[in-house]
Amino acid sequence: MERRHILCDRNKCTGCMICEFACSAFKEGRFDLDLSRIRVLRATPTMLDVVACFSCASRPCVKECPRGALRVDEATQTLALDKARCAGCGWCLEGCPFGAIGMDESTKTIVVCDLCQGQDQPQCIRFCPQQALSLHVSAVAPGH
Amino acid sequence: MSSYNSKYLAVDLTSGKTEAREIPGRWLRDYLGGVGLGTRLYLECARPGADTLGPDNPVVMARGPLSGTMAPASAGHAVVTRSPATGLLCGSVSFGLWSLALAGTGYDAVVITGAAASPVYLFIDDGRVHLRRADPLAGQGGPQTAAAIRRESGDSRVQVACTGPAGESLARLATIRDGHRLMHRGGAGAVLGAKKLKAVAVRGTRPVSVADIDAMRKAVLDLNTGWRQTAAGGGGLEPGECLLPGSGRCHLPARNYQQAIPGGAASLAAECAAKGRLIKTIACPACPVACQHVYRITDDPHSDEQVVLDNEALAALGPLCGMFHLPVILKALDLCHVYGLDPVSAGASVAWAMECFERGLLTSQDTNGLDLSFGSADGLVETTRRIGQLSGIGAVLAEGVLRAANGLGQGSGEWAMQVKGLEMAGCDPRTQPGLALRLAAGLRPPTLDGRDDPSATAADACREEDLAAAGDSLAICPNARRYFRDFPAEAARMYTLATGMPLNPAELRRAGERTNNLIKAIDIREGWQRPDDWLPPRLFREPLDTGEGAVVSEKDLTAAIDGYYRGRGWSAEGLVPGEKLAALGMDDLREMLKGNRHGAPPHTLR
């Protein structure tokens, strides 16, 4: 079993937000940074990091969802959303300790990183001009 | 789909009314955005001959058409108003999160007219607009004001452009602080201060759509990959390279242009590049270059007091004041952020005062016992603070060197290093005839990378300047422009992909030319005359101390200016003929641009 997520080299990150632009352009067809699945965090102008779904082992978002709309895709180990079931209640947002889930207010559905399934690599990694982003793959102990 | 919203926000501070207005499609096509569109909107609502520090001098903040998209280094906006320092039009661009927020509000520009009775700040919250009381913010410094407004709105996404205590006191070298760098020259902060407008806060969360997003993604990836290959070390620029004006390529003025440092300042560059003080290099939104060098101000390694140092501020607060010690320069720059001072003008004013002090025109009585010799750390830092507070000698210097020299007299105008009332920035023009022309007569500030081709003709200067105006209209960062392989072609393509409006490189230049001519025509309306296009006396009389003995030749400069006017299609007196306006499609503006119909000239330049 593998856990896969976006990892940021904080020393290389300049806070240019090109990952956010690239994500929302690819996923939404427009530049809407609130709907980017990856976000730049600025504690101070120089203390930068990004957050996207960490594929954490405990998956509080899945457990919180009252309608069973979120599940873990067995093949990719990323979150899969059943849009028909999602009512936009936001419990998963509340449950995620990393703040990695966003809400599309216009459609009342959530948005979360799926590592750009079907592409050869996630768009944020592809576009990052500083090569600060990478795909981190680690083994998860079976039965976890 | 287009990245334009085709509307601007009109704010009348006198009545407190705000209104969304349509921008004619033709203006967008002709002036693009940023400085161009800002100038056109300025013309629409300005009264000729108005006092620059009165209610009738509007301020226009206009976004670039690419801001909010992923086009490289495009998150910018322009501030256009008439400068209280020169009396002429000044349009400057700056970049960062404020510009990005403005793009998300659904307005392409904000036009602010009138003046409030008591301090207010403008809050543009997506489509909603509020004018809020700013009495508690009066006298607050730049960073504090931004933090207070953010606290009040309860959202860290709110971005703040504000004027500082200096601007509130109408100091002519006050700036608007809207990001990590203080980019707005010419006293724009004082214009806000005169309107009793403390700040313009923006929260923009609306999406920006473009005409062809897939092609734009592909083009951006292509451009950014090219940059990565050319930029040093794969990640941004090396500190010192982007930081110093023309390192190794031009003479850096020192001690108020009494000396020059050939080849930039190697020792200063080394200190700038030392890793101890440099915390990190950060980028504006959508910029792959990342040229903002963030320095720790104090020696305390745990301190979070930091400031972004750029080449112009470094040159003005450093060598120009005889200062080569980085911590002192950083401290002075930090004070510019707090008080809202243009660091270039502040540095030049201190340098002028230092020369007066060394020549005995100013005594320690005038400076309250402060040692104002060149290179005095206390002198630089304390005088910068006094300019910000307008106390003691600072009140005189806050008016800028031209007015300070006029007040002091005794020949101090000889070393007041200003053009048309605005303090000079960057390289020494005595070895660079092209730069001398651009500084004396130019409409856009020359880039500071020190390039100067001696074989360049007046026509080249016009072309370069038109391209600069086009770049400032698209609000693509001047620091990043040189990383384009073919700027006109690539920028025009980005524009087309974003707006869906066809634009070729020739039309892009044309738009820049149109903007430059419009700026000139407004300047003429406000009383500009040919003798204003000239350099300070020192540059003609005192040769460079580097052994080359170079001075600016009056004859050569006159010839260059003649050639420049000819190249522009202007009269020998530098006036824009009606045919020129007609050729640029601005025939309809002739009536508006006619001479100042309101009696006396609005200002005295000389």
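User: Which residue stands opposite L278(B) in β15(B)?

Analyst: In this model, which is a predicted one, L278(B) stands opposite Y295(B) of β15(B). The two strands concerned, β14(B) and β15 (residues 292-296) of chain B, run antiparallel and are joined by 4 bridges.

User: And what sheet do they belong to, in what order?

Analyst: They belong to an open sheet of 3 strands in chain B, ordered β14-β15-β16, with antiparallel pairing. Its edge strands are β14 (278-282) and β16 (306-309) of chain B, each of which pairs on one side only, and from one strand to the next the twist averages 30 degrees.

User: Which helix packs on the sheet?

Analyst: Helix α10 (residues 326-339) of chain B packs there, touching β15 and β16 of chain B, and the direction of the helix makes about 100 degrees with that of β16(B).

User: How do α10(B) and α12(B) pack?

Analyst: Their axes are 9 Å apart and the packing angle is about 5 degrees, and α10(B) and α12(B) are therefore roughly parallel to each other. On the α10(B) side the residues are V328(B), K331(B), A332(B), L335(B), C336(B), V338(B) and Y339(B), and these meet A377(B), L380(B), V381(B), T384(B), R385(B) and G388(B) in α12(B).

User: OK, now α11(B) against α12(B): what angle, and which hand?

Analyst: Here α11(B) and helix α12 (residues 377-389) of chain B pack at an angle of about 120 degrees, their axes lying 10 Å apart, and the crossing is right-handed. From α11(B) the contact takes A346(B), S349(B), V350(B), A353(B) and M354(B), while α12(B) contributes G379(B), L380(B), T383(B), T384(B) and I387(B). By class, the residues of this contact of α11(B) with α12(B) are 6 nonpolar and 4 polar, with no charged ones.

User: How does α11(B) pack with α14(B)?

Analyst: Helix α11 (residues 343-358) of chain B packs with helix α14 (residues 401-408) of chain B at an angle of about 25 degrees, with the axes 10 Å apart. Because of that angle, α11(B) is roughly parallel to α14(B), and α11(B) passes α14(B) in a right-handed crossing.

User: Which residues make that contact?

Analyst: A348(B), S349(B), W352(B) and C356(B) come from α11(B), and V401(B), A404(B) and L408(B) from α14(B). The residues of the contact between α11(B) and α14(B) divide into 6 nonpolar and 1 polar, with no charged.

User: Zooming out, what domains does the assignment give for chain B?

Analyst: The domain assignment gives domain 1 (7-203), domain 2 (222-423) and domain 3 (432-589) for chain B. Between domain 2 and domain 3 of chain B, the contact takes 27 residues from domain 2 and 21 residues from domain 3.

User: What supplies the domain 2 side?

Analyst: At least two residues each come from α7 (213-230), β13 (259-261), α9 (311-317) and β17 (418-419) of chain B, and α7(B) gives the largest share, 4 residues. That side of domain 2 of chain B, the one touching domain 3 of chain B, has 16 nonpolar, 7 polar and 4 charged residues.

User: Last one: how many residues of chain A are in contact with chain B?

Analyst: 21 residues of chain A are in contact with 30 residues of chain B. On the chain A side, the largest share, 4 residues, comes from helix α1 (residues 18-28) of chain A, and that side as a whole has 10 nonpolar, 7 polar and 4 charged residues.

Note on methods: Residues numbered from 1 in each chain as written. Chains lettered and ligands numbered in written order. Predicted model: local features only at pLDDT ≥ 70, side-chain atom pairs only at ≥ 80, totals over all residues. Axes fitted to C-alpha atoms, helices over the stretch in contact; angles between N-to-C directions. Parallel < 35°, antiparallel > 145°, perpendicular 65-115°, else oblique. Left-handed = near helix turned anticlockwise from the far one by under 90°. Contact = placed C-beta atoms within 7 Å. Nonpolar A, V, L, I, M, F, W, Y, C, P; charged D, E, K, R; others polar. Domains from an automatic or database assignment. Pairing = 2+ DSSP bridges.
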